[in-house]
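Dear colleague,

I am handing over the structure we spoke about, so that you can look through it yourself.

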Amino acid sequence: MTAIASPSSGADGLAVERLSRGALIRRRFFRNKLAVFGVAVIVLMFVAAFVGPYFSKWSYYENDMENLLQPPSSEHWFGTRMVGVDVFAQTMRGLQKSLIIGLLVAVFSTSLSAFIGSVAGYVGGRTDRGIMWVVDVLLVIPSLLILVILSRYYQGKSWLLLVVGLTIFDWMITSRVVRGLAMSLRERDFVRAARYMGVPTRKIIARHLLPNMASIIIIAATLNVGGAILGETGLSYLGFGVQAPDVSLGTLIAEGTGAALAMHLLEAAQRILTRCAKHRDQIVPDTEHHTEQRADGHRDSDALQFIRL
């Protein structure tokens, strides 16, 4: 459909604007301020991840041997690690990798769940029962444990294998939701009319079912992005995801955990020593005063015993 809007006359003679399905979805989307804000945040994250490294002098794999474990400065915005690697460059690289993996997993898993769920809900019968049996089996399998066990086969290879693994275990819940919507839509008059006219099943699913489930599918895709990023970050943190020399948010968190704990301990020790130094002048005179009072008390008692004698 090329025309976005076409005017037509209504029953009262007034012009009525007819919007295409895409224009209607866009209008509803931009009316939702929270959704627009979320998309703006995601776009800013992508821009920062892919444009930010061009403003840094250092790459994520370069070592500055003259600045080891340094705080943030004009040359190293986020500081450096113990080996002199720029933390800002590594953060941008990790953000790139995690966002790409999350986006690819969301696109693939949502597309797979929309296709399988719509086929199961529209066709029904043995096809529906067989697909739902597979979905139920995959739902009870501990996906994280399976990915950890299979990590020996994809570690050291392309990170696209990690995308495939996350996609396999990320489509089942959405497919059940799409299946329920498809079972409801197949009883509508326009779907029945298309079926009686001999329209093939694939065209009914593509033209009538999926467009009417677009809002639910978009919501599922956005949720899958966050879930995929969390899954990749957790696997990389445990050492089963993205491997060195590449970087992701999970590997950055794993490498910085020890330093973060050490900094907190050093900060606590510094505060204790600072407070002790601050109140030293109050503690020492009090101690000396008590010592002098005890000494005077002993002298007085000795004098009284001498007088009695």
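What follows is a short account of what was found.

Please keep in mind that this is a predicted model, in which the protein chain averages a pLDDT of 78 and 76% of the residues score at least 70. Over residues 1-6 the pLDDT stays under 50, and for that stretch the model has 13 contacts beyond four places in sequence.

Of its 309 residues, 28% count as buried, and among contacts with a separation of 6 or more, 60% are between residues 24 or more positions apart.

The largest nonpolar core holds 32 residues, of which Ile101, Ile131, Leu162, Leu166 and Leu209 touch the most other members. Several helices, including H3 (87-123), H6 (160-168) and H10 (214-238), each supply at least two residues of this core, and the largest share, 7 residues, comes from H3. Leaving aside residues up to four places away in sequence, Leu166 touches Ile101, Val105, Leu147, Ala228, Glu232 and Leu235.

Ala228, Glu232 and Leu235 are also among the buried residues of H10, a list that includes Ala214, Ile217 and Asn224 as well. The 25 residues of H10 should span 36 Å at 1.5 Å a residue, and this agrees with its end C-alpha atoms, which are 36 Å apart. After H10 comes Gly239, whose phi is positive, near 95°.

With best regards

Terms used. Residues are numbered from 1 along each chain as its sequence is written. This is a predicted model: local features need pLDDT of at least 70, side-chain atom pairs count only at pLDDT 80 or more; totals for chains, interfaces and linings use all residues. Side-chain values use heavy atoms; hydrogens and water are left out. pLDDT is the predictor's confidence in each residue, from 0 to 100. Contact means heavy atoms within 4.5 Å. A nonpolar core is a set of buried Ala, Val, Leu, Ile, Met, Phe, Trp, Tyr and Cys residues joined through side-chain atoms within 4.5 Å. Buried means under 20% relative accessible area, exposed over 50%, partly exposed in between (1.4 Å probe, protein chains only). Helices (H or I, at least four residues) and strands (E, at least two) are DSSP runs, numbered from the N terminus. The expected span of a helix is 1.5 Å times one less than its number of residues.
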